[in-house]
Amino acid sequence: MEKARKVSIFEKLGERIFTRITMQDFLSEISKLKEKEVILDFNKVKFISRSCIDEYVRFIQNTEKKIKSINQSPDVCMMIKAVENGLDSLSVSKTNNNSKCVLCGNQ
Amino acid sequence: MNLKCNISNTDDPLKQIQDCIDIMNEIDKAELEKGEILNLDFSDVEWMLPCSALLLSNKIIEACRRINIKISPPNKRGVYEYLTRIGFPLGCEVEGESFLPINHFSNKDNVNEQISKISKHIGNKVDKNFGFSVNYLLAELSDNIEQHSQFTQASIMTQYYSDKKYIDVGIFDNGITIPTVFEKKGVQFSDDCDAIKKALEGESTKEEQGRGFGLRTSKKLVLEGLDGEMYVLSREGAIILNSKDKEKSQELMKKALKGTLVYMRFSAPKKSLNIIKYVE
């Protein structure tokens, strides 16, 4: 069975992630990984901007890879939830039947 | 060549900014002989607001790529010392206890790294009750610059007034301006103030749904969450918003600003602010 690839976001992007382009570039790298399953480790990431999360959520919803996210701080998790809710209200999200954060499982 | 830089001795930002636009246009027009130096003469300047320092320093650093510039500093000692402290005009690495000097970055720099560096420094200085609000504003505004403005040079400065617990954040880019972006993308507007208002309401030039939240949520956060004031100037438009009046005033400037300035002043919340309430 193919082993999942673990990627540390902190090591790639640092503890604060601000611009959409940075996240786009990072996710483009993730897309190119040969592994079908990727674990994104948010350990030590203190802040991610709304636009980066927006990019990230859209990626998660559209990628064919199996993405698992771990070690998100409560702040990062809340930002993800807020962006997801915004996308839900625009009917962009595919996860609106689930009140849990699809990325970390938190309510 | 000598260029006398006259700046009104006033606390009215719009008045000083219009003086700065004159100076910026003169710098753009300067045609020098080979080896000639443009002397920017600030000797008679009695007072320069931070937003004016930000605009002029951005223009000077941009112009330094094509011409040689010399600065004659203000004779008034207090003004000279203030400008030196904030790193006017070239920026400076030395930060003060309560401020971060002017930081410049170009479209060739990694914007994320630049903003991250600034955010880290600010985080160490400001009241903890700001939470991630300053990060949020820096993120949304710098992202707009990177995504839409086609800038070559951007500049940021912040000042924290610890006794009054409020903070000033100014960010300027020399890009194509909000009205010009809208014109290029076919967004209708009546004048440049209207274009800024539309951007503040969330009008997006991107085709995907769920875009255009940057300025809108920043406005919401500054006015509702931080009891603040926000100036947005782009081309001939100038909009001033505050928490009491929502839209305090709008004005079409006589001369066009070649770029977009967002300048904000806001107070530390009484309890720790959760920015999620303002995210859309």
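The model is predicted, with local features requiring pLDDT of at least 70, side-chain atom pairs counting only at pLDDT 80 or more, and totals for chains, interfaces and linings using all residues. Residues are numbered from 1 along each chain as its sequence is written, chains are lettered from A and ligands numbered from 1 in the order in which they are written, and side-chain values use heavy atoms, with hydrogens and water left out.

**View 1. The interface of chain B and chain A.** In this interface, 27 residues of chain B are in contact with 25 residues of chain A, where contact means heavy atoms within 4.5 Å. The size of an interface is often given as the accessible area lost when the parts come together. Between chain B and chain A the buried area is about 2,200 Å², with carbon and sulfur atoms giving 57% of it; buried area is the accessible area (1.4 Å probe) that two parts lose on being put together, summed over both. Seven residue pairs, both at pLDDT 80 or more, are in polar contact across the interface. A polar contact is a pair of N or O atoms within 3.5 Å; within protein, one must be able to donate a hydrogen and the other to accept it, and residues adjacent in sequence count only if both atoms are side-chain atoms. On the side of chain B that touches chain A, the elements giving two or more residues are helix H4 (111-123), helix H5 (133-149) and helix H8 (213-225) of chain B. H5(B) gives the most, with eight residues. Helices (H or I, at least four residues) and strands (E, at least two) are DSSP runs, numbered from the N terminus. The residues of this side of chain B divide into nine nonpolar, eleven polar and seven charged; Ala, Val, Leu, Ile, Met, Phe, Trp, Tyr, Cys and Pro count as nonpolar, Asp, Glu, Lys and Arg as charged, and the others, Gly among them, as polar.

**View 2. A salt bridge between the chains.** Two salt bridges are counted between chain B and chain A. In one salt bridge the side chains of A:Arg20 and B:Asp143 meet, at 3.9 Å from N to O. A network of salt bridges links A:Arg20, A:Asp54, A:Glu55, A:Arg58 and B:Asp143.

**View 3. Two salt bridges within chain A.** A:Lys6 forms a salt bridge with A:Asp41, with the closest N and O atoms 3.8 Å apart. The pair links distant parts of the chain, A:Lys6 in strand S1 (residues 5-8) and A:Asp41 in strand S3 (residues 37-41) of chain A, 35 residues apart. A:Lys6 is exposed at 52% relative accessible area, whereas A:Asp41 is buried at 9%; buried means under 20% relative accessible area, exposed over 50%, and partly exposed in between (1.4 Å probe, protein chains only). In another salt bridge, the closest N and O atoms of A:Lys46 and A:Glu15 are 3.6 Å apart. A:Lys46 lies in the loop between S3 and strand S4 (47-48) of chain A and A:Glu15 in the loop between helix H1 (9-13) and strand S2 (16-17) of chain A, so the pair ties together parts 31 residues apart in sequence. A:Lys46 counts as partly exposed at 44% relative accessibility, and A:Glu15 as buried at 17%.

**View 4. A salt bridge between strands of chain B.** B:Arg265 and B:Asp168 form a salt bridge whose closest N and O atoms are 2.6 Å apart. B:Arg265 is in strand S8 (residues 246-267) and B:Asp168 in strand S6 (residues 166-173) of chain B, so the pair ties together parts 97 residues apart in sequence. B:Arg265 is partly exposed at 34% relative accessibility, while B:Asp168 is buried, with a relative accessible area of 2%.

**View 5. Backbone features in loops.** The peptide bond from B:Phe88 to B:Pro89 is cis, with omega near 0°. B:Pro89 is in the loop between helix H3 (77-85) and strand S4 (99-106) of chain B. A:Lys44, a residue other than glycine, has a positive phi near 75° and is in the loop between S3 and S4 of chain A. B:Gln150 is not a glycine either, yet has a positive phi of about 55°; its place is the loop between H5 and strand S5 (153-161) of chain B.

Terms used
A salt bridge is a side-chain nitrogen of Lys or Arg within 4 Å of a carboxyl oxygen of Asp or Glu.
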